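Morning, everyone. Please have the sequence and the structure open while I talk.

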Amino acid sequence: MYMEYVDDADYGDEPEPARRRSWRILGWVSIGLSVVMVATSLTAYAAYRKLNGNISHENVDAAIGPNRPKKLNRSLNILMLGSDTRAGANASYGRSMKNEPARADTTILLHLSPGGNQAIGISFPRDLMVPIPACRRKDGTRSAPQSAGMINSAFSIAGATCTIATIEAMTNVKIDHFAQVDFAGFKGIINALGGVKVCLPKDVNDPQAHLHLKKGIQVVKGEDALGFVRSRHGMGDGSDLSRIKRQQLFLGSVAKTAMSGGVLGNPAKLYALLNAGTKTLTTDDGLSPSVMMQIAQSMQGMSAGKLRFVTAPWTAYAPDPNRVALAQPAAGQFFNMVRNDKDIQEPPKAGASAPKVPPSQVRVRVLNGTGVHGLAQRYADQLTAQGFKVIQVASTTPQTTTRVLYGTGADQQAATLTGVLSGVTAAPRQGGTPGVVDLVIGPNAGPVKGKSASIPKLQGEIRADGNICKAT
């Protein structure tokens, strides 16, 4: 219809041949644009089909059932699993293990805060002893629950879905997606990035990991990259916790490379990365290539400094010194903060008046009544970030609950402090220091409200923009 309209247009005194040329030009332009649009759509569809065809999918909801933690906000939790399977192209990495069940070589929960403004990768040690629930295997049978088992054995029992059920049960954090990659897939991702920078304090010669590297900063890819993250005997103290720290530094360098190289915002580069990464990838059936694209592009505005890596709070496992356990109540408090992470500060309740005293005029003593090492300092850091004047950080006698106590003339200052705490009331303190407010931390302490302090800093955490030569 458009072409007929152009052909019948009134061109005044324009000669007939010119009218025919105009029609032909516009007609060919229209046809050309149509061909380009169709070709582009077909190419995009073919690319999508190729990526989706690379991926193996699992139905998590069907395997775990409906009794899963509730989502409280728009955050996104993705469980990243590194499988040590020796199947297929991985057979060369230990032929004696070819017929053994695969285990989770690496387990990291990536938490993306609402709005994509910050992220945190939480590593779980392979030797972490946790309760493992009954899990449905692929053949339809169910495993027996275990009161205590190594977390990486959940993967051997019933794959990624059993690991998800185990982590959800112990953290009460809903996992939205999972991505499982093997050795070959890991190498493909690193090669697609052109390699990743690492830093070695000394020469490395680890025949078991097939790793031979010189000290200093260098770019690794392929077999060297895989050996770097898997080596246990050639670097550090040989423990899994030492290897986790090295993996976190490596993943921080991976993220920095992707962010600084414009990979996340460049569809062509991102497609190349996804094509390499999906060749041996297994995910839940909701994590399609288009969803991966959306997640990656939503992170392109996030700086590397907003991506942190931590290890779940742990302590020694009493029955076996070669194993570790979650440190309580620190682990419970930390995962509660992750679960409640919000991108904006909660609005005041209806009828509530704004505090008359600003945080900068509130002098606070933070007293730890839980016995958890470093907890008072973490709360002090959160309060300082919001402008409070922390004048002392110390321990106190064991407490049963969290309280705010204030000295003479500090009732308004106490109201300002309780305004950023959940479920905490203020009360006067007999003999308290005039003008000073005490935050006495008990085992039920919740997160400090506010965008900048929703997930606190943990000891030993690593930032993606940090020094790659630190603690290798």
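This is a predicted model: local features need pLDDT of at least 70, side-chain atom pairs count only at pLDDT 80 or more; totals for chains, interfaces and linings use all residues.

Zoom in on one pair. Strand β16 covers residues 363-368 and runs parallel to β17, with 6 bridges. Here L367 stands opposite A394 in β17.

Next, the cores. Nonpolar side chains tend to be buried together in soluble globular proteins. The largest nonpolar core here has 35 residues. Which members touch the most others? They are L79, I122, F124, L128, M170, F334 and F335. Several elements each supply at least two residues, including β2, β3, β4 and α10. The largest share, 8 residues, comes from α4.

Look at L79 for a moment. Setting aside neighbours within four places in sequence, its contacts include I108, L109, I164, I167 and F178.

Now helix α10, residues 330-339. Is it mostly covered or mostly open? Mostly covered: 8 of its 10 residues are buried. Among them are F334, F335, M337 and V338. The buried residues of α10 pack against β3, β4, α4, β13, β15 and α11.

On to two serines. S113 sits in the loop between β3 and β4. Is S113 buried or exposed? Its relative accessible area is 5%, so S113 is buried. In sequence, S113 and L76 are 37 residues apart. In space, their C-alpha atoms are 6.7 Å apart. Beyond neighbours within four places in sequence, S113 is in contact with S75, Q118 and D341. With D341 there is a polar contact between side chains, at 2.4 Å.

The other serine is S231. Find it in the loop between α6 and α7. Its relative accessible area is 1%, so S231 is buried too. Again leaving out neighbours within four places in sequence, S231 is in contact with D206, A209, L211, R243 and R246.

Last topic: disulfides. A disulfide is a covalent bond between the sulfur atoms of two cysteines. How many are there? The count comes to 2.

One joins C135 to C162, with the sulfurs 2.1 Å apart. The torsion about the S-S bond is about 70°, so this disulfide is right-handed. C135 is in the loop between β5 and β6, and C162 is in helix α4, 27 residues apart. C135 is buried at 4% relative accessible area, and C162 is buried at 0%.

The other joins C199 to C469, S to S 2.0 Å. This link is right-handed as well, with 100° about the S-S bond. C199 is in strand β8, and C469 is in the segment after β21. They are 270 residues apart. Why does C199 count as buried, while C469 is partly exposed? C199 has 7% relative accessibility, and under 20% counts as buried. C469 has 31%, so it falls between the 20% and 50% limits.

Counting bonded cysteines along the chain, the pattern is 1-2, 3-4.

Note on methods. Residues are numbered from 1 along each chain as its sequence is written. Side-chain values use heavy atoms; hydrogens and water are left out. Two strands pair if DSSP finds at least two bridges between them. Helices (H or I, at least four residues) and strands (E, at least two) are DSSP runs, numbered from the N terminus. Buried means under 20% relative accessible area, exposed over 50%, partly exposed in between (1.4 Å probe, protein chains only). Contact means heavy atoms within 4.5 Å. A polar contact is a pair of N or O atoms within 3.5 Å; within protein, one must be able to donate a hydrogen and the other to accept it, and residues adjacent in sequence count only if both atoms are side-chain atoms. A nonpolar core is a set of buried Ala, Val, Leu, Ile, Met, Phe, Trp, Tyr and Cys residues joined through side-chain atoms within 4.5 Å. A disulfide is a pair of cysteine sulfur atoms within 2.5 Å.
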